[in-house]
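This briefing is intended for a reader meeting the structure for the first time. Please view the sequence and the model together before turning to the points below.

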Amino acid sequence: MRAGSSRSADAAGQSAGGLPRPLDGVLVVTLEQAVAAPFATRQLADLGARVIKIERPGRGDFARDYDSAAGDGMSSWFVWLNRSKESVVLDLKTGPGRRALDRLIGRADVFVCNLAPAAITRLGLDADRLSARHPALVACQLSGYGEDGPYAGRKAYDLLVQAEAGVLAVTGPPGEPAKVGISIADIAGGMYAYSGILAALLQRERTGRGGVVRTSLLHALAEWMSHPMLLATLTGSPPARNGPRHATIVPYGSYQTADGDEILLAVQNEAEWVRLCREVVDLAGLATDGRYAGNQRRVEHRDEVEGALAPAIARLPTAELLRRLGAARIAYASVRGVGEVVAHPQLAGLWTAISAGGREVDVLPPPVTHSGTNAVLGPVPRHGQHTEAVLAELAGDRAGDGEATEPAPDAGGDGLPAAGGA
């Protein structure tokens, strides 16, 4: 990130004014890999929860090695998803490893798992079973396509779920399907898991019982696709791919200025349409042309509307276009590159330095704030960094440890996540 742009996170992420954070005192144990579940549990850590991440012997969470941006085992993905957590390495194929996990689950408020359903069953860690053994536990199971049905056994990585959910059908320019440039299936699934866990914790405060939280990447992303699906089923016409232009609102898209800059403008009502024509592009005749009266007619005549607006905007220098748009109260945005977003003036002062792989990395705090408290922005753990300390803690606390009374199941398979993966 930018040199000198960040502030430092305090060592323990102390709350402002000494107020407790929303999840202070909550223990989360997570058997997770890749993106979706780690995204959910990182947000719990941001709110003050203690998150113990169980990793495999060897390289651990394979998202550590998606790239080496922050050093060995510290990919940009892993840094994003795993700050403030404790990394504990357990071999769940062994008795000691399984007993340690069971002891941790017995102490936990929340257990999160996004391994494949078959692996979860072999390990005896399915959410219903855990909930029966630990009634106060919130057990969250995050799958790719759901835990039953014809797709239950499939591996579900982000791009695959984007394809199955129809996202590729509405993304990209005409005739060229494109993936969304970020992992929206993982993010959607992680967000629903996170909100479901919070709701279950609130319910536990009222009833004393935790319960089971389930979600899947496909269901989460299908919910986000509800508008295109409703449009298709109600009208018989699914939205077309329109690149940087809106599928059902005109004008709403990107235009090039005389300086070669891309500016995206959005018209939401007829008053704005009239002001755009008269005050911005000097095409008063468009505002009174009945063919373009109302959004539905403009959508039907999209090519004609765009054909008139694009050359008129291309004649204006960027500064003049922005001045006119502002004066006419027309919504607009600059089409920025990733590097430009890092330096975005609205984000200035928010970047915070955390430790990752022996170096400082600037990150953004959570987008939601809570009055009187600061988010926890702790270091990203090295693989197995906290194993010795956590096992010593377990050895010193045998009360109500929930130790398993049966042999450790054979994990088998590759243990890949059912939900997650770039």
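The points that follow are grouped by topic.

The model is predicted.

**Helix 1**
- Gly 48 follows helix 1 and has a positive phi, near 110°.

**Helix 8 and helix 9**
- The axes of helix 8 (residues 184–207) and helix 9 (residues 217–224) come within 8 Å of each other and cross at roughly 100°.
- Angles from 65 to 115 degrees count as roughly perpendicular, and helix 8 and helix 9 are therefore described as roughly perpendicular to each other.
- On the side of helix 8, the contact is made by Ile 184, Ala 185, Asp 186, Ala 188, Gly 189 and Tyr 192.

- An open sheet is formed by 3 strands in the order 8-9-10, with antiparallel pairing.
- Strand 8 (252–256) and strand 10 (331–334) are the edge strands, each pairing on one side only.
- On average, neighbouring strands of this sheet are turned by 25° against each other, direction ignored.
- Strand 9 (residues 262–266) and strand 10 run antiparallel and are joined by 4 bridges.
- Leu 264 has Ala 333 in strand 10 as its bridge partner.
- Helix 15 (residues 318–327) lies across strand 9 and strand 10 and runs at about 15° to strand 9.

**Helix 11 and its surroundings**
- At the start of helix 11, a side-chain oxygen of Asn 269 comes to within 3.2 Å of the backbone nitrogen of Ala 271.
- Within helix 11 (residues 270–280), the buried residues include Glu 272, Trp 273, Arg 275, Leu 276, Cys 277 and Val 280.
- The cover over the buried residues of helix 11 includes strand 9, helix 12 (284–288), helix 13 (295–300), helix 14 (302–314) and helix 15.
- Just after helix 11, Asp 282 adopts a positive phi of about 55°.

Notes. Residues are numbered from 1 along each chain as its sequence is written. This is a predicted model: local features need pLDDT of at least 70, side-chain atom pairs count only at pLDDT 80 or more; totals for chains, interfaces and linings use all residues. Side-chain values use heavy atoms; hydrogens and water are left out. Axes are lines fitted to C-alpha atoms, for helices over the stretch in contact, and angles run from 0 to 180 degrees between N-to-C directions. Helices (H or I, at least four residues) and strands (E, at least two) are DSSP runs, numbered from the N terminus. Angles under 35 degrees count as roughly parallel, over 145 as roughly antiparallel, 65 to 115 as roughly perpendicular and the rest as oblique. Contact means heavy atoms within 4.5 Å. Two strands pair if DSSP finds at least two bridges between them. Buried means under 20% relative accessible area, exposed over 50%, partly exposed in between (1.4 Å probe, protein chains only). A polar contact is a pair of N or O atoms within 3.5 Å; within protein, one must be able to donate a hydrogen and the other to accept it, and residues adjacent in sequence count only if both atoms are side-chain atoms.
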